[in-house]
Amino acid sequence: MQLVALNELGQAGRAASVVLAASATAQRNAALQALARRLRRPLPALDAANALDLQAAVDLDAPLRDRLKLDARILATLAEGCEQIAALPDPVGEITQLRRRPSGIQVGQMRVPLGAFGMIYESRPNVTIEAASLAIKSGNACILRGGSEALQSNRVLVELVQDSLEEAGLPRECVQLIASADRAAVGWLLGAAEYIDLIIPRGGKGLIERVSREARVPVLKHLDGNCHSYVDAHADLDQALRVVDNAKTQKVSPCNATESLLVHRAVAAAFLPRLAALWAPKGLTFHACPDSLPLLGARAVPATEADWDAEYLSLDISVKQVDSLDAAIAHINRHGSHHTDAILTTHHPSAMRFLREVDSASVMVNASTRFADGFEYGLGAEIGISTDKLHARGPVGLEGLTSLKWVVLGEGQIRC
């Protein structure tokens, strides 16, 4: 894609962002509701485009092909996400913390759109709708650059979004797609500081490292999803078995699937053989510490040091016994990716310590790590998950796509 065409894309997006930021809440909601209606209709063009993408992606690994697929269930979930976002309170223009100063002025903060963001992602055409819907509601324009493996699907999805924007009286250029597999387009997006206020990468570690290294604008990111589930000495083992099973096997490809299992030594002999029996038909491989190997049966292999840091995205999991809650927390903070970690326990003080001391974007008690998701958190959808500590952390929804500016309300006051 030529530089001139990319700059025109950027200029159009910046101009559209001004219109979108000034639009009424009802108008943005109308665009989202129109998009939800379109996603619920029969979409033969989308079915054909997705089939072409899947056919071309025959050599991709199974988790990547799984992320590429669009079916009626996924489209219904995306439509529901659009409707949820439309129903959420509009953060744009909200004034908070308004307080009167001794001078008589009132000082507060107003939530405003960032302006325009760029999104770079791989293999997941559902991200196209999630990013577009959050952009529309938060008053931001966006320029999307999906992976080449989903190009045909993304073309059709963005056309659906643009038709919905037009139906609501908003510029089609509020949401645009870089419809090219040329890698130079990524370089342009990373350097387009005059058009882009935030870059959001979603994909493999290599992509995110490149974006972090080369971007000339702020980046919202997480590198890995090495999520932990810790079965405490005070765990309800029936509950823990059910939750850990879901956290790992409900779907193995997402970044919020549990990749590392820690078990307190006091319950390991009672818990691990039950888990091994449950997972034997599912074909999981345990990368286990020496003490856990004899408890896990034939599908256990000795863990290496690298296994404690691994994001498998497959039917593999690391397993380690620990002697205490302190040891579990220390292991997670050293080897985890600061994404999502959970404790299974009936002991309230242990649960509260885990919540306070585990340094992750999402920390859970007696729940599957698979809940670390914008849809499940009530955000309607998420633009991504951030493990950074500034601006936004964890699943990023509407508020994460806005900023704050100070506002002052006066009645003619002058400073003495």
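Helices (H or I, at least four residues) and strands (E, at least two) are taken here as DSSP runs, numbered from the N terminus. The structure is a predicted model, in which local features need pLDDT of at least 70 and side-chain atom pairs count only at pLDDT 80 or more, while totals for chains, interfaces and linings use all residues. Residues are numbered from 1 along each chain as its sequence is written, and side-chain values use heavy atoms, leaving out hydrogens and water.

Ser 103 sits in the loop joining β1 (95-100) and β2 (106-113), and its relative accessibility of 44% makes it partly exposed (20% to 50%; buried is under 20% and exposed over 50%, with a 1.4 Å probe and protein chains only). A polar atom of the Ser 103 side chain lies 3.5 Å from the backbone nitrogen of Ile 105. Although 313 residues separate Ser 103 from Cys 416 in sequence, their C-alpha atoms are 9.1 Å apart in space. Ser 180, in the loop between β5 (175-177) and α8 (184-191), is buried because its relative accessibility is 14%. Its side chain reaches the backbone nitrogen of Asp 182 at 3.0 Å.

Helix α13 (residues 325-335) comes next. The buried residues of α13 are Leu 325, Ala 328, Ile 329, His 331, Ile 332 and His 335. Viewed down the helix axis, these residues fall within an arc of 160° and so line one face of α13 (the arc is that of the directions from the axis to the C-beta atoms).

Technical notes. A polar contact is a pair of N or O atoms within 3.5 Å; within protein, one must be able to donate a hydrogen and the other to accept it, and residues adjacent in sequence count only if both atoms are side-chain atoms.
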